[in-house]
Amino acid sequence: PSSPTLHTYTSPLHYCKNIYCIIMDAPASSTALSPTSVMNNRTECLQILADPEGMKAFREYLKSTYASEVLNVWIEIELFQRLVAPDDLRIRCIEIYNKYCTVGVESEVNLDHMMCTTLRKRIENDDIQHNMYEDIQAHVFDLLSTDCFMGFKRTEGYARYKKIRAPGPSHRRSPSAGLDHFMQRIQDASRRKSLTESQRN
């Protein structure tokens, strides 16, 4: 099949079409969590994403806040990383870029300008690799596991999910090797992001 056309990316908009677009250079929240709370939220968020019932409940919450594209791009990148055929990899790479990184599209997710610029250059140079969306996925996971997840934890949907999973040990899920591997990728991407930011300053 022929490759889709790569859409033009311009710098991120400083307004949102929905109530949950995150502007990268917005001031930090005044209700900062402790490092332990952040890690606990990240771990629980990963466990919920690995559980079909948890994923369903989380998705319903995100739909209600017009933020489902944040979860959708995370899932699509996960699936992209499992592709084998080079042609499939290139097609999906461009489709994800056009769907989530292009300003003005309905499913746009506000992302760091440098991340999208680097990604576009790699696509234009035909440098398509399984790991090319790792930094963006790490950023998206930060959104999912902080503001998104904190909001979800205050809902009846979360309470119902926890009740379903609470009765006995058989319902309790521990992080799998796959989740551990994903967490390691997230940590590596976060270190790269911190290094890039320090170099800019």
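Guide: Ring pairs join Phe58, Tyr61, Phe149, Phe152 and Tyr158 into a cluster; rings of Phe, Tyr and Trp (its six-membered ring) pair if their centres lie within 6.5 Å, and planes under 30 degrees apart count as stacked, over 60 as edge-to-face and the rest as tilted. The model is predicted, so that local features need pLDDT of at least 70 and side-chain atom pairs count only at pLDDT 80 or more, while totals for chains, interfaces and linings use all residues. Residues are numbered from 1 along each chain as its sequence is written, and side-chain values use heavy atoms, with hydrogens and water left out.

The setting may be given briefly. The chain has eight helices and zero strands; helices (H or I, at least four residues) and strands (E, at least two) are DSSP runs, numbered from the N terminus. Of its 201 residues, 40% count as buried, where buried means under 20% relative accessible area, exposed over 50% and partly exposed in between (1.4 Å probe, protein chains only).

The structure holds seven aromatic pairs. One of them, formed by tyrosine 61 and phenylalanine 152, is tilted, with 5.9 Å from centre to centre and 40° between the planes. This pair links distant parts of the chain, since tyrosine 61 belongs to helix H2 (residues 52–64) and phenylalanine 152 to helix H6 (residues 134–152), 91 residues apart. Tyrosine 61 is buried, because its relative accessible area is 16%, and phenylalanine 152 counts as buried because its relative accessibility is 0%.

Another pair is that of phenylalanine 80 and tyrosine 133, which is edge-to-face because the ring centres are 5.4 Å apart and the planes stand at 85°. Here too distant parts of the chain are linked: phenylalanine 80 is in helix H3 (residues 68–80) and tyrosine 133 in the loop between helix H5 (113–124) and H6, 53 residues apart. Both phenylalanine 80 and tyrosine 133 are buried.

Tyrosine 158 counts as buried because its relative accessibility is 11%. Not counting residues up to four places away in sequence, tyrosine 158 touches Glu44, Ile48, Phe149, Phe152 and Lys153; contact means heavy atoms within 4.5 Å.

The axes of helix H1 (residues 35–49) and H6 come within 9 Å and cross at roughly 90°; axes are lines fitted to C-alpha atoms, for helices over the stretch in contact, and angles run from 0 to 180 degrees between N-to-C directions. H1 is therefore roughly perpendicular to H6, in a scheme where angles under 35 degrees count as roughly parallel, over 145 as roughly antiparallel, 65 to 115 as roughly perpendicular and the rest as oblique. Where H1 meets H6, the residues on the H6 side include Phe149 and Phe152. By class, this contact of H1 with H6 has nine nonpolar, two polar and three charged residues; Ala, Val, Leu, Ile, Met, Phe, Trp, Tyr, Cys and Pro count as nonpolar, Asp, Glu, Lys and Arg as charged, and the others, Gly among them, as polar.

H1 also packs against H2, at an angle of about 105° and with the axes 6 Å apart. H1 and H2 are therefore roughly perpendicular to each other. In this contact, Cys45, Ile48 and Leu49 of H1 meet Gly54, Met55 and Phe58 of H2, and the residues divide into five nonpolar, one polar and no charged.

Finally, the core: a nonpolar core is a set of buried Ala, Val, Leu, Ile, Met, Phe, Trp, Tyr and Cys residues joined through side-chain atoms within 4.5 Å. Of the 43 residues in the largest nonpolar core, Phe58, Tyr133, Ile136 and Leu144 touch the most other members. H6 gives the most to this core, with eight residues. Leaving aside neighbours within four places in sequence, leucine 144 is in contact with Cys45, Phe58, Leu62, Val70, Leu71, Trp74 and Phe149.
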